[in-house]
Amino acid sequence: MECGFSPIVGFRFSLHPMADDFVAIIKGALEETDTSAVWMHTDDVSTVIRGKQVHVFNVAKAIALSAAKTGKHIALSGTFSAGCPGDSAGDAYLNMGDAVLNNDRTKQYVSSQFALYPMNNPSYMDIIYREVDHAKERGVFNESMHYASGIHGDIHDVFDFYEEAFSNARSEEHKHLVMTVSMSMNSPSHGGR
């Protein structure tokens, strides 16, 4: 199988509220978010959303923000992917327009880490360094670390950076891209941010 050229993007993630009522927080975030522009499936481990890139990132941010608005410490970990060989289910959602359906602009501090994996691209390190430089230019870079780069700031700025980095890292010749993200919101270690 070869890497695909479909514009479909996917995000498989797990949401971890640090609270006794974690089930209600997870289900509430999924139900409160308008997911009608993406294909979505939740199982006993994770949730996957798939569709046009603009909607996948919009829904991912909305779910994270909804959970964080409970005030509980929330962790989210997931993988964005595009160009995966054999990817096809959910293609009907590529017919959606580009207008996003979730527009809550509530401020929310996020501390996160990301790693880019441009598959089968011999210039992968140049791509990674370039996007880290973009994070510094945007003011969302936090720190260098082993196996990831720290990104922090308001959730809207962080997700804007992630979507832009994802777009930039997908070249015409090398379409298969994976990007992992881990996020923490309302952590006691954030000092009230």
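Which residues is Ser112 in contact with, leaving aside its neighbours within four places in sequence? Hold that thought while I say what we're looking at. This is a predicted model, where local features need pLDDT of at least 70, side-chain atom pairs count only at pLDDT 80 or more, and totals for chains, interfaces and linings use all residues. Residues are numbered from 1 along each chain as its sequence is written, and side-chain values use heavy atoms, with hydrogens and water left out.

Okay, back to Ser112. With those neighbours set aside, it is in contact with Ser149, Gly150, Ile151, Val158, Tyr162, Ser182 and Met183; contact here means heavy atoms within 4.5 Å. Ser112 sits in strand β5, residues 109-118 (strands are DSSP E runs of at least two residues, helices H or I runs of at least four, numbered from the N terminus). Ser112 counts as buried because its relative accessibility is 3%; buried is under 20% relative accessible area, exposed over 50%, partly exposed in between, with a 1.4 Å probe and protein chains only.

Now for Ser184, over in strand β8, residues 177-185. Ser184 is buried too, at 18%. Among its contacts beyond four places in sequence are His73, Tyr109 and His190.

Last stop, the largest nonpolar core: it has 46 residues, and Phe11, Phe80, Ile151, Tyr162 and Met179 touch the most other members. A nonpolar core is a set of buried Ala, Val, Leu, Ile, Met, Phe, Trp, Tyr and Cys residues joined through side-chain atoms within 4.5 Å. Helix α2 gives the most to this core, nine residues.
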